[in-house]
Amino acid sequence: SLNLCTDQYLMLLAPGRAVALSPLARDPALSVVAPQAAGVAWVRPDAEAVLALRPDLVLAGPFGAQTTLAVLARHGVPILRTGLPQDFVAIRAETRRFAAALGASGAGERLIAAMEARLAGIAAHAPVEVLALEPRGYVAGAGTLEQSVIRAAGFVPAARAGRLGLEAIAAHPPALIVTAVAPDYPALATDLLRHPALAAIARRTWRPADLACAGPWTAEAAAALAAP
């Protein structure tokens, strides 16, 4: 696997078939399989390094390592690329596609069942407006994974997108702001999230790893957002 998203699918569906993962698989801030990935070798996205492993299948993302993937394809190495699911319907389809390719359809159905149970367990509450606020004031728009998670949590995504300034948010405050769990190091990009002018707005957090790649694990972000 040469991509964080495919790292996670591989380790959750068919860990015994994993020859090597991307370096990001071991990063607990981004990967939901970091503990399991610690015991698996990693490989850089280099054609020679990958060919030396003699893989039966290479899992890759839709954009990165294009030169490497072209070389691997010329050497006859099968490649399966992940898509970019933006809602739970697409996540179901993507999980089944990867499970079938890995000979792990049963594991795929179990992952989907666990995701469905997690979503179904979200308690009913008032459908208030939620603003998903990212570093530097960016807000994901319609058709994005963040908005799908907000809806799955039983809330209404704010009808704003792009980059919002502090004044715009304070002038029309949402009922709730959701942000990623803060990193352990300071950054100018997150100053807006900590500004006193927003302190009166209720706030919740979700883990970056649950949203870095869309998958059955993304249900955890909805559950975290809906938690009282």
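1. Ala, Val, Leu, Ile, Met, Phe, Trp, Tyr, Cys and Pro count here as nonpolar, Asp, Glu, Lys and Arg as charged, and the others, Gly among them, as polar. On that basis, the lining of the largest cavity comprises eight nonpolar residues, one polar residue and one charged residue. The model under review is a predicted one.

2. As to the cavity itself, the structure holds one of 30 Å³ or more. The volume of the largest cavity is about 40 Å³.

3. The residues that line the largest cavity are V130, L131, A132, V139, A140, E146, Q147, I150, P157 and A158. Two elements, strand β3 (129-132) and helix α7 (145-152), each contribute at least two residues to this lining.

4. A second point concerns helix packing. Two packed helices are described by the angle between their axes and the distance between the axes. For helix α6 (residues 105-120) and helix α10 (residues 219-226), the axes come within 9 Å and cross at roughly 15°. Angles under 35 degrees count as roughly parallel, and α6 and α10 are therefore roughly parallel to each other.

5. The crossing in which α6 passes α10 is left-handed. On the α6 side, the contact is made by M115, R118 and L119; on the α10 side, A219, E220, A222 and A223 take part. Classified in the manner set out above, the contact of α6 with α10 has five nonpolar residues, two charged residues and no polar ones.

Terms used:
Residues are numbered from 1 along each chain as its sequence is written. This is a predicted model: local features need pLDDT of at least 70, side-chain atom pairs count only at pLDDT 80 or more; totals for chains, interfaces and linings use all residues. Side-chain values use heavy atoms; hydrogens and water are left out. Axes are lines fitted to C-alpha atoms, for helices over the stretch in contact, and angles run from 0 to 180 degrees between N-to-C directions. Helices (H or I, at least four residues) and strands (E, at least two) are DSSP runs, numbered from the N terminus. Angles under 35 degrees count as roughly parallel, over 145 as roughly antiparallel, 65 to 115 as roughly perpendicular and the rest as oblique. A crossing is left-handed if the near helix is turned anticlockwise from the far one by less than a right angle, and right-handed if clockwise. Contact means heavy atoms within 4.5 Å. On a 1 Å grid over the protein atoms alone, a cavity is a set of points where a 1.4 Å probe fits but cannot get out, and a pocket is an open set with protein on both sides within 12 Å along at least five of seven lines; lining residues have an atom within 4 Å of a point. Grid points are joined across faces, edges and corners, and a volume is the space filled by probe spheres set on the points.
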